[in-house]
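Please keep the model in view while going through them.

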Amino acid sequence: MFVYYLAVPSKVMAMEAERQRLIEEYAEANDFSKSTELEYSPLVGEVETQRTESSKTFRRADGAYETVLYPYPVHYEKNNEWVDIDNSLVPVEDENGNIVAYKNNSSTLPRDDYMDALDR
């Protein structure tokens, strides 16, 4: 039993030495001094046929594609196509010019509810 306890650390040390050797071998085989940074390529536009409920795909000037994933829906389906959700708000004023609500194309949110939502 005593020999077993001495052998286990030796085996661990041998595994660590092999791991270190593999890391050094990999580092020698790869030139890490070269920059792996991609050159900037501006976005050309969105590829609307690649939309999903919570993603948008864009094409870059160099022909590459970039997909942005959102943690919430940014599109809704209408006539078998994904359409942008309009989340813009416009103030609604009463006859005295006081803001009483905010609305977008689909609904109106009373001012107090909007202010409460901002406080959350």
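1. In this predicted model, Glu46 and Lys56 form a salt bridge in which the closest N and O atoms lie 3.8 Å apart. Lys56 is buried, because its relative accessible area of 12% falls under the 20% cut-off. Glu46, at 25%, is partly exposed.

2. Glu46 has a further partner, Arg51, and in this salt bridge the closest N and O atoms are 2.7 Å apart. Is Arg51 buried or exposed? With a relative accessible area of 9%, Arg51 is buried.

3. Arg51 also meets the side chain of Glu48 in a salt bridge, at 3.9 Å from N to O. Glu48 counts as exposed, because its relative accessibility is 55% and the class begins over 50%. Salt bridges that share partners join Glu46, Glu48, Arg51, Lys56 and Asp84 into one network. The structure as a whole holds nine salt bridges.

4. Attention may now turn to Thr67, which is found in strand β3 (residues 65–69). Which residues does Thr67 contact, leaving aside its neighbours within four places in sequence? They are Ser55, Lys56 and Thr57.

5. The side chains of Thr67 and Thr57 are joined by a polar contact of 3.0 Å. Thr67 is partly exposed, because its relative accessible area of 45% lies between the limits of 20% and 50%. Computed from C-alpha to C-alpha in the model, Thr67 and Arg51 are separated by 9.2 Å in space, and by 16 residues in sequence.

6. Of its 120 residues, 11% count as buried. The accessible surface comes to about 10400 Å², and carbon and sulfur atoms hold 53% of that area. Among contacts with a separation of 6 or more, residues 24 or more positions apart account for 8%.

Technical notes: Residues numbered from 1 in each chain as written. Predicted model: local features only at pLDDT ≥ 70, side-chain atom pairs only at ≥ 80, totals over all residues. Heavy atoms only, no water. Helix = DSSP H or I, 4+ residues; strand = E, 2+ residues; numbered from the N terminus. Buried < 20%, exposed > 50% of the residue type's maximum accessible area, 1.4 Å probe, protein only. Contact = heavy atoms within 4.5 Å. Polar contact = N/O pair within 3.5 Å; in protein donor to acceptor, adjacent residues only side chain to side chain. Areas by Shrake-Rupley, 256 points an atom, 1.4 Å probe, with all protein chains shown as cover. Salt bridge = Lys/Arg side-chain N within 4 Å of Asp/Glu carboxyl O.
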